[in-house]
Amino acid sequence: MGKIALLVSREEMLYQAHNILQEKPYAIQEMRVIKTEDSGVEARNSIAGGASIIIARGLQASLIKQYTDIPVVEIVMTAQEMALLIMKAKQIIRKPRPVIAVVGFQNMFCDMSYFEELYDIELRRYYAKHGGELSEEARKAVEEDADLLIGGDTAVKAATEAGKPSLFLSITEDSLKNAFSMAERVDYAMSVEKKSAAQMET
């Protein structure tokens with residue numbers, strides 16, 4: 001078994017992870033809050049400490065992929081988590097068919113194909129292909145007059161500067177559990193691969 005590290009941007013995600021691990025002992029050996037701009041360095045520190053898989057989200061996950069070559073399991077929002085945020089957004093805006101902008105990397109989000117019909121909103125997606133585009137996409141969402149922005153720190157900051165309401169992409173324990181299970185499956189697959197490679201050599 002390898003070592004799995006969880007690197008996140010906010011303290012609340014660590015509390016959620018601790019709660020999950022009390023219910024079920026997933027094989028997560030390291031959990032830390034890191035600054036996004038230090039993602040590459042922090043990931044390399046984890047690797048130096050023996051990590052063979054890293055769990056991360058959004059821009060941090062993209063940066064870690066860019067600066068390291070170990071498997072990165074991404075924390076993806078579930079449909080229920082997104083639905084909770086959309087409902088909260090509607091309560092904040094209180095107008096018929098509000099325009100809600102989702103800002104981030106496509107790999108952070110679940111499938112939202114039917115959200116417009118289900119929640120009677122206009123949903124605009126502003127997906128960045130790399131970290132440098134994030135603030136650009138957030139700015140675009142503001143300029144194109146979205147009523148509210150949903151996203152990470154970059155989107156929230158852009159909305160605040162423009163005097164617009166925003167919601168941080170906060171998760172429930174569901175998406176963390178999914179990421180933990182996925183990391184364990186990746187770890188298992190890697191150990192099987194190593195074993196068969198060792199057998200081939202002998």
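Predicted model: local features only at pLDDT ≥ 70, side-chain atom pairs only at ≥ 80, totals over all residues.
Visitor: How many residues of strand S5 are buried?

Guide: Buried means under 20% relative accessible area, exposed over 50%, and partly exposed in between, with a 1.4 Å probe and protein chains only; strands (E, at least two residues) and helices (H or I, at least four) are DSSP runs numbered from the N terminus. In strand S5 (residues 99-104), 6 of the 6 residues are buried, so the strand is largely enclosed by the rest of the structure.

Visitor: Which way do the residues of S5 point?

Guide: In a regular strand the side chains alternate between the two faces of the sheet. Here Val99, Ala101 and Val103 point one way from S5, whereas Ile100, Val102 and Gly104 point the other way, and all are buried.

Visitor: Which strands pair with S5?

Guide: Two strands pair if DSSP finds at least two bridges between them. S5 runs parallel to strand S6 (residues 122-127), joined to it by 6 bridges, and Val103 stands opposite Tyr126 in S6. With strand S7 (residues 148-151), S5 pairs in the parallel sense over 3 bridges, and there Ile100 stands opposite Leu148.

Visitor: At what angle do helices H6 and H7 cross?

Guide: Axes are lines fitted to C-alpha atoms, for helices over the stretch in contact, and angles run from 0 to 180 degrees between N-to-C directions. The axes of H6 (residues 134-143) and H7 (residues 153-161) come within 9 Å and cross at roughly 40 degrees. The contact (heavy atoms within 4.5 Å) is made by Leu134, Ser135, Ala138 and Val142 of H6 and Thr154, Ala155, Ala158 and Ala159 of H7.

Visitor: Is Gln16 buried or exposed, and what is in contact with it?

Guide: Gln16, which is found in helix H1 (residues 11-23), is buried, with a relative accessible area of 15%. Leaving aside its neighbours within four places in sequence, Gln16 is in contact with Ile171, Thr172, Glu173 and Leu176.

Terms used
Residues numbered from 1 in each chain as written. Heavy atoms only, no water.
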